[in-house]
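Q: I'm new to this one. Can you walk me through it?

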Amino acid sequence: MRAFHRRKPESVGQSPGLLVYVGQDRDFHPTLSSISFTAGEVTEACCELPDSGPPPPDDGRVHLINIMGVHEPELIRRVGEWFRLSPLVLEDILDTSQRPKAEELDDGQAFLVLKSVDFSAEKGQLIEEQVCVLWGPNYVLTFQESAANLCEPIIARLRRGKGRIRTAGPGYIVIALLDSIMDRASVTLGKIAAEAEELEDELAENPDEDTLRVIYRLKREILFLRNALSPMQEVLTQLSGDEVGEFSEASEGYMRDVRDHTAKVVDEVKTLHDLLTAMLELHISLAGMRMNRTIKFLTGVATIFIPLTFLAGVWGMNFKGMPELDWEYGYLAALGIMTAVGVGMAVYFAKRKLF
Amino acid sequence: MRAFHRRKPESVGQSPGLLVYVGQDRDFHPTLSSISFTAGEVTEACCELPDSGPPPPDDGRVHLINIMGVHEPELIRRVGEWFRLSPLVLEDILDTSQRPKAEELDDGQAFLVLKSVDFSAEKGQLIEEQVCVLWGPNYVLTFQESAANLCEPIIARLRRGKGRIRTAGPGYIVIALLDSIMDRASVTLGKIAAEAEELEDELAENPDEDTLRVIYRLKREILFLRNALSPMQEVLTQLSGDEVGEFSEASEGYMRDVRDHTAKVVDEVKTLHDLLTAMLELHISLAGMRMNRTIKFLTGVATIFIPLTFLAGVWGMNFKGMPELDWEYGYLAALGIMTAVGVGMAVYFAKRKLF
Amino acid sequence: MRAFHRRKPESVGQSPGLLVYVGQDRDFHPTLSSISFTAGEVTEACCELPDSGPPPPDDGRVHLINIMGVHEPELIRRVGEWFRLSPLVLEDILDTSQRPKAEELDDGQAFLVLKSVDFSAEKGQLIEEQVCVLWGPNYVLTFQESAANLCEPIIARLRRGKGRIRTAGPGYIVIALLDSIMDRASVTLGKIAAEAEELEDELAENPDEDTLRVIYRLKREILFLRNALSPMQEVLTQLSGDEVGEFSEASEGYMRDVRDHTAKVVDEVKTLHDLLTAMLELHISLAGMRMNRTIKFLTGVATIFIPLTFLAGVWGMNFKGMPELDWEYGYLAALGIMTAVGVGMAVYFAKRKLF
Amino acid sequence: MRAFHRRKPESVGQSPGLLVYVGQDRDFHPTLSSISFTAGEVTEACCELPDSGPPPPDDGRVHLINIMGVHEPELIRRVGEWFRLSPLVLEDILDTSQRPKAEELDDGQAFLVLKSVDFSAEKGQLIEEQVCVLWGPNYVLTFQESAANLCEPIIARLRRGKGRIRTAGPGYIVIALLDSIMDRASVTLGKIAAEAEELEDELAENPDEDTLRVIYRLKREILFLRNALSPMQEVLTQLSGDEVGEFSEASEGYMRDVRDHTAKVVDEVKTLHDLLTAMLELHISLAGMRMNRTIKFLTGVATIFIPLTFLAGVWGMNFKGMPELDWEYGYLAALGIMTAVGVGMAVYFAKRKLF
Amino acid sequence: MRAFHRRKPESVGQSPGLLVYVGQDRDFHPTLSSISFTAGEVTEACCELPDSGPPPPDDGRVHLINIMGVHEPELIRRVGEWFRLSPLVLEDILDTSQRPKAEELDDGQAFLVLKSVDFSAEKGQLIEEQVCVLWGPNYVLTFQESAANLCEPIIARLRRGKGRIRTAGPGYIVIALLDSIMDRASVTLGKIAAEAEELEDELAENPDEDTLRVIYRLKREILFLRNALSPMQEVLTQLSGDEVGEFSEASEGYMRDVRDHTAKVVDEVKTLHDLLTAMLELHISLAGMRMNRTIKFLTGVATIFIPLTFLAGVWGMNFKGMPELDWEYGYLAALGIMTAVGVGMAVYFAKRKLF
């Protein structure tokens, strides 16, 4: 998990529109998969990139083209030529440190930058992936950072063909992608919430340093989520307000659903953040209470025995004229005095509630 | 109390409008109760669901139909056919992890998702129940999660027939439901406030670890309430602004009342949250003060007796040439010196306010 | 001081407009006092309630009618009939747990719910009283919780007759009441501020547990004030914006004054809250510093004497072959070694700044 | 520094427009100085108040009249008659506990209440002074609390006559006063910032109780500044938005400057507040770390010597049959065992990183 | 790093438009470099300042004139005459403590005050530089505080001539400067983020006082960044909203990019601030936990040995009648009793979880 993208000092003042990849190193070759469909049928292809042909013709088919891997500027440049994209859009696609945003382009194209947050079981941490989406009257292009296709669930739905997925136009496909991204974020949030609830049990039983570290890690993950999801909410507001993109009427209810879902997740991120803060306070306070208990115990033992040890030391001195040492019941008297002093102090101090 | 609904990973990218129940497992069979009324009389029925007939005809009667239990998608689908609901609405009804919202549907129908918060004496914790409300010109449908009917108070009022409940139309029934939900939240808040005030007394007397845990639990409950009630306030603003639903003039004063009530509860949730934070700070500080007192006491006892014990040790050594051991008043002198040292230290240190 | 009104569970779902008193138990009989005036003269009466006559006729007189005690629903019902009030308004008057609000009623009547905060010397705590105000073209009605009339200062001004109080209409009387409520809140805030400033002196001298409790109490009172006054600010905004009520031109400057005054008080509540938080932090930190000092002292004494006591213990052992015990200057050497060890440790540790 | 003005209980419900001075006691006699100017020349006078003549005639001169001392209601009343001010305005002038505000009066007059914050070297603390400004087509009146004239810098500029000060009208004079007040606040803020930066050095070297108290004092001063300056920002927004007062075109750039300056100061107050909070956290944490170090040292010394002292005590017992006491190398063996135990514990515990 | 600019007391009430340099002392002579270009070619000059000639003529060339060093008022005055700038603008240029702002001037000129934040490796801290930008139809003037030219990257791009840099007009140059300033801020933020992530590793291993100081320093730097960048965001909003300056169509996409970039940086500043706060909490809590461990250990050792040492002291007393001292197995019994007491206490206390 890297919450902050770092720009290299040498990139300061670079020309905008310069096609340079900004992001994590990737060691796979970008691939492109394409699926085109009408209401009736679906054709899939793991197609080669055409040599700068025109955009898909308006033949009644809708094309969903997914590009997995944006770390080869040359590939992106060729896609850019194919779909007549401006250099600024290409730069956005290549720079994986963008903030989510929605933009209306010319010629009826619309462009989104999105962030998908997921929990990587492999790395044991949250990972963020940037997804750029470009759509026009009869096509949707996605540009994804990693080799795994985030559109798989949508492709599966297209294959099944149930509902409006094949008939409601490219805008519907885009919302389906947004929905699947928010579902993923929701699952991730659920995982953090589940860990937080386990922590509550630990707090009740045996809070230790590890509990602290887990609280910190969860808080960090929550900040990471917030950083990624808050601007997503702005994007959805822009889409709902018809500022960007065109959506069929069939898509509107769906869009409202996704927007509500996002609002809910953002609410819960806030609540979970506050809950984690409350947990940390509880942890600190409990640890303090336990230390108090330990210190009180030490105080109890020490204040009883320290004076007694002193008395024993006195009667262990080698002075000549210590008459009590020779008394017949001197020893018993000494033991009695010690007992009395010990009990007396314990009683007296217990009354003053010092331990 | 589960503050966070968790979506299962396998649900990511599911088709919208797919009728799947999302929520707690329920082990009862959904039931449906119905009551229809005119200004003059009331007819109740624990009716069977009709086989996809048309919505209630416009015969001057208003129908309040309550469905208790939304965990059987097939039932919801049939109700959906009956009232010609879109699949997205049905999905919202089946998904109990929705955020409260208000939506205007087609054909003069309006739709609310609400959250009712209650204290379950049985489970000893807060529980949240989702209530969906759908109303049209002459009917109100409610979809509730549990077997207990939240509309009971309204039905009782319908039976009594006092006031405008029978004559002010379905919108009035909906507001009455909102009112009863807010009353319930108010009672729950009052319970938390009462516990908080008891805590204040405990804090004054004998704060311990349990006090801490109770403060934490109350804070958690307050966060839970805030998470449920803040969006309720948005819903009421939408309803008041005539954005969603139609309300008879007779309902408007009532609606304003409910909105004011909600604002008050949300205010108090905020105040109570701040009060609990102040209590926690007080608790931590008091515990710190008490530890200080204990430590100061230990310091007092130790700094007086440690040097004295050392002196006793010195005169208990077995060296040959220790002339003071043989002096006639050596022992008394030693006791005198010890007393002087002890008293001197006590006085000196008390002056420096070290204990 | 009760910051949170608690609704009883049995009241959930009660019919709106049902005339039930919600509030503290009161053991006095409600009274009604009335004063009517023209520019020239003033007539006072401790009148009986007329048996449902019409509202005061438009005879050029303005009537200020104060009802002290709202715990008898029957009385309120009769006043309601007299002034033709809707049941919802009557319910608001009887429910003393309302949030401050302003409402335009029909027939040129306007209605306010206000909160007056005062310091009760008798109970030694803040008390809140709900005041409902209803006014029409030639009368002002106030409904107050307790037996003491909050309008006394206004009545005194009416008697004196200086300024515009007799000529500027009922709206002016209402603003005068608002002004007197804000003055009262201002005095209360001043009392809290004075206590806070005394605390600062205590913090400088001898902070103890009681200081902590006072900080907590003041914070609680500030939260209480904030809860009561923030919605008052909203009410004044509504009145200034001509949303509710009609005010003569002569009243507008006065209203602006009261609004500015309220803004100032709310500002100061915020500042005082932040100041109390800073005080608490200072207190905690000072207590920590003092504990440090005490612990360092203990450490100093203990680290010097513990090794010395060990040495004395060694030479107090009863082994046979301990040649140093028989040396001529053995004892002096031992004392010398002890002194050297003690001084050496003190010097060495002082250098490492451990105490 | 008094952050909170206290209203006396007896002032509750006083008639508005009653001319009573509310503020600090002052022991000097109010003075009035006046300066009138045209583009070409300047005439100064320490004039007597005219006996209720008309406002200055429109003879092409602009009059700046400063009244130092508002604690004599009679004087203010006469000024009020002279400039035909309403009683409410006079009351505002006499009440030095106002919140800064801007008001458009009738007859082309405009009225400001401002707060000037300054550091009084004499009292060693921040002081706040209320300045009321009233201006019309050809005059500016200021009402100041103390004997020192805040307008001195402006009068000096008028004497020099450079720039537009003599030609840009009374509005320009008012802005010049605002500018000089903000400069003063800026200097005060700079003083606090300088103290805060010195504190950082202290924190790095030797943080103690005094550092704590200084942090608290600075925080209090910052809250005081915030309380005074935030409403000043609102006043400037009102002036810029042409809601209050008329300003020559020449004044507008100047006004924008003052507004930007105010925004900057308010920004910095916020940043400084956050910085002080961070400093306090650092202080608390550092003190905690140091206590840890001390406690660890005590633990180290005690855990090594306590068992050794016990051993010495055992061999110092007077039992008969203690064969080891009679062994030839018993003493050396005992010393060896003690050394071994001491070193062993030190090594073992150092490994467990307990000290 | 100086977060707060301090105005000198003597500057209070100075005439606006007075040309005085406010800022850090600089020991270099201001220089001026100029570059003019058409789409086809570029001419550079380290020109002398012309003696108050007219602004560059509209000959189809665009002029970028950089003035490095604003600490000589006379130079700024001459530039002011050359470009016909108002005294207020000149004062803004000379006062390096301005808040970032955008202003439309007369005659089609626009004016920006910007802040560039950079990490100075030499000083080991963040430095802030004020940059004023003035542009008209065919020229861009920059006024920079230090001798290093912030426009170097732009000049390099002009030399290369790729993209639209030479053809898109002066507005485009201004945006390129904004872009390069934000890139620089982004690099700086990245540096802070990198340090913060290193701190996380330290926190996991061995948190000490230095870790605390670094957390504080980073927090201070973040506050510094926030103070500089938040108003930059306002400036960009003004520019995007066409309130200030004219921009060719070619510049708009670029401007949107820079605005998004700024929003992202401001988001990250907020997140990083929250993360550092969480780190501090973790640090404090971890230190507390470790102290607890140490104290528990001390308690363990002390509570076991203190009573044993007391017993040894008792049997080391020199009383006559101590029969157990003479028993055959007295010594063994004593050792046995001590072992039993020690083990017993250890077991008993371990059960009570006191250590």
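**Contacts between chains**

A: 49 residues of chain C are in contact with 55 residues of chain B. Contact here is C-beta atoms, placed from the backbone, within 7 Å.

A: This is a predicted model: local features need pLDDT of at least 70, side-chain atom pairs count only at pLDDT 80 or more, and totals for chains, interfaces and linings use all residues. Residues are numbered from 1 along each chain as its sequence is written, while chains are lettered from A and ligands numbered from 1 in the order in which they are written.

Q: Which elements give two or more residues to the side of chain C that touches chain B?
A: Helix H5 (209-240), helix H6 (249-315) and helix H7 (330-351) of chain C do. Helices are DSSP runs of H or I, at least four residues, numbered from the N terminus. H6(C) gives the largest share, 19 residues.

Q: What kinds of residues are on that side of chain C?
A: 25 are nonpolar, 13 polar and 11 charged. Nonpolar means Ala, Val, Leu, Ile, Met, Phe, Trp, Tyr, Cys and Pro; charged means Asp, Glu, Lys and Arg; the others, Gly among them, are polar.

Q: New topic. How can chain C be laid on chain B?
A: By a turn of 72° and a shift of 0.0 Å along the axis, with an RMSD of 0.1 Å. That is the relation of a five-fold axis.

Q: Which C-alpha of chain C is nearest the axis?
A: That of Gly316(C), 4.8 Å from the axis.

Q: And how is chain A divided?
A: Into domain 1 (9-285) and domain 2 (292-351), with bounds from an automatic or database domain assignment. Their C-alpha centres lie 75 Å apart.

Methods. Two residues are in contact if their C-beta atoms, placed from the backbone, lie within 7 Å. Copies are superposed by least squares on the C-alpha atoms of residues with pLDDT of at least 70 in both.
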